[in-house]
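Open the structure in a viewer with residue selection and distance tools at hand. The stops below are in the order in which to select them.

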Amino acid sequence: MKSLAILIGCAMAAWAASNDTFVIRNADVYPVTGAAMKGVSVLVQDGKIADIGAKIVAPKGMRVVDAKGLRVYPGMIDSGTELGLAEIESVRESVDTGELGEFMPQLRALVAVNPGSEHFGVVRVNGITSVMTFPSSGGRGGGGGGGRFGGGEQQLIAGQAALIHTDGWTWEDMAIERTAAMHLIFPSIAGRGGRGGGPIPDSVLELISGTAGASYTQARHTYEQQIAKLNDFFDQARQYQKERAAHAPGFKTDLKMEAMIPVLEGKVPMAVSASRASAIHDAIAFADKQNIKIVLLQPRELGQAAAELKAKNIPVILGRVLALPEAEDDPYDQAFTLPAEAYKAGVKFAFGTFDNEFVRNLPFQAATAVAFGLPYDEALKAVTINPAEIWGVANELGSVEKGKWADLVITTGDLLEIQTGIKHLYIKGKEVELTNKQTRLYEKYIAR
Amino acid sequence: MAVRNARIVTVSGPVIDQGTVVLRHGLIEAVGANVPVPPDAMVVDGEGLTVYPGLIDGLSTWGLPGAAPAAPTATAGRGGRGQTTVTTTAPATPAATSTRARGPEDRPATTSWLKAADEISPTDRRIETARSAGFTTAVTFPTSGIFAGQGAVIDLLSAQKPGEMVVASPAGQYISLTRGGGFGGGVGGSFPGSLMGVIAYVRQIYLDAEHYKLVKEAYARDPRGMTRPEYDRALEGVLESKQILLPANRLVEIDRMLRFAAELKQRAILYGAREGYRPEAADLLKKAGAPVLVSLHWPEAPRDANPEDVDSLRTLETRDKAPSAPALLQKAGVQFAFYSDGLDQPRDLQRAVKKAIDAGLSRADAVRALTLSPAEIYGVADRLGSIETGKIANLVVTKGELFDDQPRVQFIFVDGRKYTPAAETPAAGGRGPVAEGPGVDQ
Amino acid sequence: MTKIKILLAASIALAPLGAETTVIRNATIMTVTKGTLKGSIVVRDGKIAEVGEKVMEPADAKIIDAGGQYVIPGIIDCHSHIAVDGSVNEGSVSVSSMVDIKDVINPEDIAIYRALAGGVTTANILHGSANAIGGQTLVLKMRWGKDAQGMIFEGALPGIKFALGENPKRAGNPQGGRGATTVEARYPATRMGIEDTIREAFNEAKAYKAEWDAYNAKVAGGEHLIPPRKDLKLEPLKEVLEGKRYIHAHCYRADEILMLMRVADDFGFKIRTFQHVLEGYKVAKEIAAHGAGASTFSDWWAFKVEALDAIPYNAAIMQKYGVVVSMNSDDAELMRHLNTEAAKAMRYGGVSETEALAMVTLNPAKQLGIDNRVGSIETGKDADLVIYDKYPLSDFAKVEKVLIDGNLYFDRDQDVTGRAARQAEKQKLLDKEKQNQPRQQPQRRPGA
């Protein structure tokens, strides 16, 4: 009996001291997966959402966060970043995406994540609680295939992307899914222009002797060769898989092949970066042929591919909404309307910013999509429950529901609205201070 | 010599359905329907043939074999922002710019004193091929650099002495605005590294030339007590040039160059005129009274293009409408002439002119654009460009109409000397074999 | 051409040059200087003739029904590189003041139209940042369809671009880079050298000015002399010394900002605006004392080492110290949503709604010396107006119409409905080409 009393006593003391157990009182809760609930409370226990309701009463001693007039949302998830892997874009030493090598499935982004990166603090302040971080996302940081520091041959398989929280003592601490996806940079035939800085307008003068650089026939040949190489690599992996299962004599562990097995078994999806409709089509065909699950990253157009994607239930991570059209004649709002297009075609998607600097603008990207035709609820889902589902963690994250982790934000208003302030942020129920290097510099210099 | 009983297109007057042209001492002695054939003349039977004035290439490099094709108007196309203008100079830049230029005072890419007349090489193989296409004359320019040098009107003779070929020199200063695009702007390279840099340089040169002239004149009047001015051959070359050639393909460039020429107070001839079909272009040219050289190298679709990359509407339109520019310029009353712009195979030249005719230019106007018009533009219309008594005996005699689908040049007279066209050679480089019939793959 | 014609036709058909009166009816008008009201605006002869809850509507007025919509003054982007032919940098020399952006304006750059679609009516077109002292700059109105001369903002004082920090010294430290042969280093290679370069140039300019002043004085006294040689490099610097040309200085770090102000003090000129000025908050006091304006990004950071201390509160802090602050884009994409960039100032640092809106309207107008003409909705000013469908300081809003000098230059409805026609036109030409040149289709090689 005494031990029980001691236990209870300890538990009560634990509550009081525990930093991942508390009640959020009297808030407007936006679960995302259901209707909004006004004026309710949320009980967080041991880092999980234990209960949501109007009648929750906090036990004595439990910390209470008064959220009158405020809103509770799930923390946002950015499905395309290089956070922790790249600090200053222009400084090679600070960038760890873009390794050498054509097929590098054994590389793990997770272990190169620097928990001390200033970027985490900056994005937390805007309500982002977890991100997918990719080895060579194709953002402006590294990029074996096509980033600033890509060296050597064209990289095809860049390695394992990880789903991580934006706070933690170590990368182990931060890890949600150590291998959330395998990044495949699908071969491509260079088009006229690129994204980001704007398309290269057609010069009237290009007309005479064709474009400088590799001809299309050459480029097409290289493209097909690379797809062949990719298929060969997969064949090798399957062969390895067989030999491994059969404990073939003389069998030697090959780390690259080991890394491919979960992909072949369908346990880890292949995140495929493919931007043009023809490449998307070929990527889907490849996935069919190899019988693997894929997620499409950063398509620049959907067009015909949309129907295929829907038919095969292939989810899509849409890149920067705030981007210029590809070609001179493209509608000015081409990138703004892509999410609405995906939605209308019935394609499931989530947003990714693909640029460390702009991760904090994730909600505003979603809002712009709403201005140009995406229903508001879909935009909200695309930064919360959709990514959770796509990356296989919907049981733990993505909405304010009982049993899920308490990755929550408390805001002064609409999560996607620029003028909204974030008041509190919780990762697994632990409150994370909304300060970062920038807020500290602000405090210092406003007082000069 | 006399060509008898031929159809004669004089260009300066009505067509003579059947007549005779008499040549003597390299000049046209007589032309007309009832001209008597002198007893000492060698007679060429012109029955069923047509006589035209020899064609004049309004902007050429024929005779200067080392030079790049005149103003190749293709660009590497990598302009980061907006569109780059004419680029690519000759592979070998002249000695003047072997070290990196640090500013306009280093006179980068400038050989304004160079005269084509001094550099003519009669052994340039293109002279012969040009003749086979009906050309007797070319206005040849050095084309390498910003101030490339001064051109000359030359007759396409297979002469012993180059001096024999020169009809008039100098014929104007060739200016090109060759610099790249993107954000680079020549960082780490030689000045100027950008289009605006080139323009600023040209502007500075003209300011310097004006100043130089003042100083020289003052010194000439009374040198006593004055520091003597330094001799600047670049400025001398610029001052020598009575007119300048400026590149302008797009409407924006035509506007820009006309304004620039007015600012520099120079008589300018624009070359390129790819967007000459746009009514605003014709308006600007008419208002400025500036003559324009229209490139015969019509824009074409790139050969090996990615089918997923669709050209812009602007590009498609230009490709579609460019050959109609001459007809529209003609209607607007703009003075223009054609130039070969790197084409030198007879078939290509014929086809190019035919395209303009198909797009609305009358055959007579097409002929004029290759004969009297360029002569007028370069101020040699008193000697060339039409079949009139006293003019130089430059003639091309064809079976069938010039610029027809199958014309055949029978002979050419240059300075009264008779040449027969060479057998057509397979085109060297560039286009591949000129084959007939469908389905020939490149 | 036809596309341009369609657009041009649109603008002319709706509001011929100044001849008509236009009434924008029933909108929420954010004037910037005189508060926000619900009412109408009368535009006549290209100017704002009347603003009020009730206005006199002339019988023949063209009516734009803006019921439920918002009107703000045309957005002014204080830092742009659009509409330029060729490179925006003359990077071969450290002092390239002889070049002039005015010589290479490209009025057919699609970026102009896209900027319009984002609400920008005026832009300060600048030389790049490859030089300590760069080229001459000018201000343009986004009058899509006019020729180069027609785009120039009449009467706006010309400018010159300076650049401090990493960019102008990069050529002093040439890297091997991609397949580069040995590249000669261009002085300066350090920030110290940048100061020296600027001082040297002004030293020269001072002597040049003295020479010309002496000459002018003698000529005024009746002497006949040969004038000194006109040096295009030194002319604009002479104009700076005479207060006839504005300096727009790209800078990041606090030390270089201070340096330039002290150089200016020594030579007796003023910096008109600091551009980017991401550490401006550290020396806001000094900037205010000097009287320079500051034109900054809302929240870019970490892309370069000198941007490490950039904070999104920069604008708010500088404003607090009395600096006239504007938000700029320096990017063809970002300039399409300067309204939301301004809104970020409200989120980061608590700037008021009017102050935030001023940062992309009245403040840049003041910085460019054109606030007598544009920057707010007041009678007598140019009718440069933007109509949004929703509250403009939000990502949920989009631009519906843009007027410049009272003429309609952008109309979203027209743009959207015109797309099919443009596409048809294009298809016609493509079909025609295919017909004429069947031989030129590239052969697809079967397989790899």
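**Before selecting**

The model is predicted, so to speak of local features pLDDT of at least 70 is needed, side-chain atom pairs count only at pLDDT 80 or more, and totals for chains, interfaces and linings use all residues. Residues are numbered from 1 along each chain as its sequence is written, chains are lettered from A and ligands numbered from 1 in the order in which they are written, and side-chain values use heavy atoms, with hydrogens and water left out.

**Stop 1: the two domains of chain C**

Select residues 1-74 + 376-448 of chain C as domain 1, and 75-374 as domain 2. These bounds come from an automatic or database domain assignment. Taken over C-alpha atoms, the centres of domain 1 and domain 2 of chain C are separated by 29 Å.

Now show the contacts, meaning heavy atoms within 4.5 Å. On the domain 1 side of chain C 32 residues take part, and on the domain 2 side 34 residues. The buried area between these domains of chain C is about 2,700 Å², with 63% from carbon and sulfur atoms. Buried area here is the accessible area (1.4 Å probe) that two parts lose on being put together, summed over both. Select Val32(C), Leu393(C) and Tyr409(C): in domain 1 of chain C they lose the most area to domain 2, together 24% of what that side buries.

Which side chains meet in a salt bridge with a distance of 2.7 Å, N to O? Select Asp382(C) and Lys141(C) to see that pair. The rule for a salt bridge asks for a side-chain nitrogen of Lys or Arg within 4 Å of a carboxyl oxygen of Asp or Glu. Across the interface of domain 1 and domain 2 of chain C, five salt bridges are found. The same interface has 11 residue pairs in polar contact, both residues at pLDDT 80 or more. A polar contact is a pair of N or O atoms within 3.5 Å; within protein, one must be able to donate a hydrogen and the other to accept it, and residues adjacent in sequence count only if both atoms are side-chain atoms.

Colour chain C by secondary structure next. At least two residues of the domain 1 side that touches domain 2 come from each of α1 (2-14), β5 (70-73), β14 (385-388), β15 (399-404) and β16 (407-411) of chain C. Helices (H or I, at least four residues) and strands (E, at least two) are DSSP runs, numbered from the N terminus. By class, that side of domain 1 of chain C holds 19 nonpolar, five polar and eight charged residues. Ala, Val, Leu, Ile, Met, Phe, Trp, Tyr, Cys and Pro count as nonpolar, Asp, Glu, Lys and Arg as charged, and the others, Gly among them, as polar.

**Stop 2: the two domains of chain A**

In chain A, select 15-74 + 400-432 for domain 1 and 76-188 + 253-397 for domain 2. Their C-alpha centres lie 28 Å apart. Contacts involve 20 residues of domain 1 of chain A and 27 residues of domain 2 of chain A. The two domains of chain A bury about 1,900 Å² between them, 73% of it on carbon and sulfur atoms. Lys404(A), Trp405(A) and Leu416(A) lose the most area on the domain 1 side, together 33% of what that side buries.

How many salt bridges does the rule find across this interface of chain A? The count is zero. Five residue pairs are in polar contact between the domains of chain A, both residues at pLDDT 80 or more.

**Stop 3: side-chain pairs**

Over all chains, the structure has 85 salt bridges. One to select is Glu431(A) with Arg63(A), at 3.9 Å, N to O. Glu431(A) is in strand β16 (residues 430-431) and Arg63(A) in strand β4 (residues 63-66) of chain A, 368 residues apart.

A search of the whole structure gives 36 aromatic pairs over all chains. Select Phe358(A) and Trp300(C): the ring centres are 6.0 Å apart and the planes at 85°, so the pair is edge-to-face. Rings of Phe, Tyr and Trp (its six-membered ring) pair if their centres lie within 6.5 Å; planes under 30 degrees apart count as stacked, over 60 as edge-to-face and the rest as tilted.

**Stop 4: backbone of chain B**

Go to Ser169(B) and Pro170(B), joined by a cis peptide bond with omega about -5°. Pro170(B) lies in the loop between β10 (166-168) and β11 (173-175) of chain B. The peptide bond from Phe191(B) to Pro192(B) is also cis, with omega near -10°. Finish at His25(B), which has a positive phi of about 55° although it is not a glycine; His25(B) is found in the loop between β2 (16-24) and β3 (27-32) of chain B.
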